[in-house]
Amino acid sequence: MRPHAGAPVSRRRFLSLSAGGAAAGAAALSGCALQVSSGVSGAGETITVMVNSGDITPEQVQQAKKELGIKIALVKYDITKLIAMLTSGNPPDLVRGVGAVDLPYFAARDVAEELDPYFARSSVLKLDDLDPVNDLWRYDGRTQGKGPRYGMAKDFSQDSMYWYNTSAFEKAGVDLPPETDPVTYEEWLDTAKSLVQRKSGQTTVFGGSYSGLTRSTLLTTMTASAGGSLFNDDFSRVDFTTPEARKALAWYVDYCRTKVGPSLIQPDPNGWDGPTYQAGRMAMSNSGYWLGGMIYPDKKLAKVSSLAPAPLFAGGARISACQGGTGLWMPRKAKNKDAAWRVFEWFFGGEPAKARAAGGWGIPTLKSLRSLMPAQEDYQKRVLKVQENELKHFSVVSFTPYTRADALDALFNQIAPAAMNGQISVDTLAGRLNSSINEQLKRGKEQVG
């Protein structure tokens with residue numbers, strides 16, 4: 001049950017905000033709050049925006065001051081600091097968030113402002129111009145994708161799609177994936193086995209990477225593709241023993257066991273796919289459209305790089321979800337909401353949004369900006385054709401409001417390697433995951449109330 005609008009945010013409601021759980025809660029109680037905007041209207045306003053480095057550049061800060069007359073004070077995103085600011089009633093004016101996993105969490109705790117009244121009167125962010133991915137930022141108190149809007153994605157990808165290097169396929173004598181028809185997950189793994197290169201027992205070229213943005217969003221999405229749901233109806237429990245969830249879990253464990261790509265038991269030395277794919281040491285990368293922003297500047301790499309549809313399970317549904325949808329939300333206790341909204345409009349509908357769209361770093365979340373997506377070169381046109389077809393298969397896959405994705409990943413990372421190394425069965429792993437994760441979800445539900 002949500003508290004009434006004027007109720008203070010209970011510190012108890014945030015004890016599980018990060019993977020550190022009680023440790024993060026204790027840090028929040030230290031009261032290390034940050035000074036934010038004064039709420040004074042008119043010229044010379046200042047708002048505080050908590051983001052990661054690069055989300056808003058120093059140049060854009062200057063641009064906002066010039067165009068809007070608003071000074072943006074950037075604060076490095078830190079979950080512990082954010083908890084402290086929220087619980088002290090002195091939050092930033094805008095906060096970075098990952099729509100696919102963060103929105104249900106913060107909305108359920110009643111710390112996010114409902115933005116429907118702002119959208120209703122906006123001449124910049126019109127409802128009929130919003131891409132459906134922005135439904136990740138909606139929550140009706142039970143289900144993600146419905147109800148009030150609490151934020152917006154700055155750009156997005158359908159994160160189960162994958163890039164592939166055509167020269168690696170040609171070298172191995174493997175047929176290229178279809179451009180618009182998905183392969184099955186089983187076929188994808190067989191292809192990765194054909195493309196992997198090893199020397200002296202070490203993997204020198206990954207056949208493919210497929211770990212999603214987080215393991216929890218990957219397995220949630222794959223379970224949906226198999227025709228089921230990882231969570232029960234009220235998202236308070238997981239069940240990895242259902243046929244659909246077990247199929248997804250078994251596939252991922254098999255992917256890790258075969259060591260065709262990066263995993264917990266075979267980490268990528270670079271830490272993520274981008275540099276490895278750039279260096280020609282990865283034949284397929286489970287990164288959606290956004291990776292084009294890194295690929296396109298290297299014309300040699302771009303000419304041999306293509307994007308493929310999200311795989312599906314044999315006999316399963318064609319689901320191509322967004323596991324990210326990173327954007328901004330406004331805390332309910334923000335001090336200068338009107339100025340924050342003007343920055344919000346500018347960031348999502350003004351020059352920053354246009355620059356992101358033109359750079360290929362993601363699909364714009366306003367349909368009117370799609371024409372700016374890179375399509376000058378033949379390889380860009382080929383990628384755009386695949387991406388445009390894939391948009392027809394987008395759907396919101398709802399996530400639990402009772403814990404954070406990184407907290408679930410921390411549990412998964414502790415338990416799953418034993419199965420990946422062949423020490424326990426998939427069924428044993430499923431039972432252990434259910435036990436650990438459901439205990440955490442139970443605590444989260446108690447904290448929400």
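In this predicted model, strand S8, which spans residues 162–165, is joined to strand S12 by four bridges, and the two strands run antiparallel. In general, the strands of a sheet are paired through backbone hydrogen bonds, in either a parallel or an antiparallel manner.

Helix H13 (residues 337–349) packs with H14 at an angle of about 25 degrees, and their axes are 4 Å apart. Because angles under 35 degrees count as roughly parallel, H13 is described as roughly parallel to H14. On the H13 side, the contact is made by Trp346, Phe347, Phe348 and Gly349, which meet Glu351, Pro352, Ala353, Lys354 and Arg356 of H14. By class, the residues of this contact between H13 and H14 comprise five nonpolar, one polar and three charged.

Helix H14 also contributes to the largest pocket of the model, to whose lining H14 gives the most, with three residues. This largest pocket contains about 990 Å³ of space. Its lining consists of 35 residues, and those nearest the centre are Gly212, Leu213, Trp272, Ser287 and Trp290. At least two lining residues of the largest pocket are supplied by each of strand S7 (155–156), helix H14 (351–359) and helix H16 (405–415). The lining of the largest pocket is divided into 12 nonpolar, 14 polar and nine charged residues.

The second largest pocket holds about 260 Å³ of space. It is lined by 13 residues, among which Arg96, Val98, Asp102, Arg404 and Asp406 are the closest to its centre. Two or more residues of the lining of the second largest pocket come from each of strand S3 (94–98), helix H4 (99–108) and H16. Four nonpolar, four polar and five charged residues make up the lining of the second largest pocket.

Technical notes: Residues numbered from 1 in each chain as written. Predicted model: local features only at pLDDT ≥ 70, side-chain atom pairs only at ≥ 80, totals over all residues. Heavy atoms only, no water. Pairing = 2+ DSSP bridges. 1 Å grid on protein atoms, 1.4 Å probe; cavity = no way out; pocket = protein on both sides within 12 Å on 5 of 7 lines; lining within 4 Å. Points joined across faces, edges and corners; volume = space filled by probe spheres on them. Nonpolar A, V, L, I, M, F, W, Y, C, P; charged D, E, K, R; others polar. Axes fitted to C-alpha atoms, helices over the stretch in contact; angles between N-to-C directions. Parallel < 35°, antiparallel > 145°, perpendicular 65-115°, else oblique. Contact = heavy atoms within 4.5 Å.
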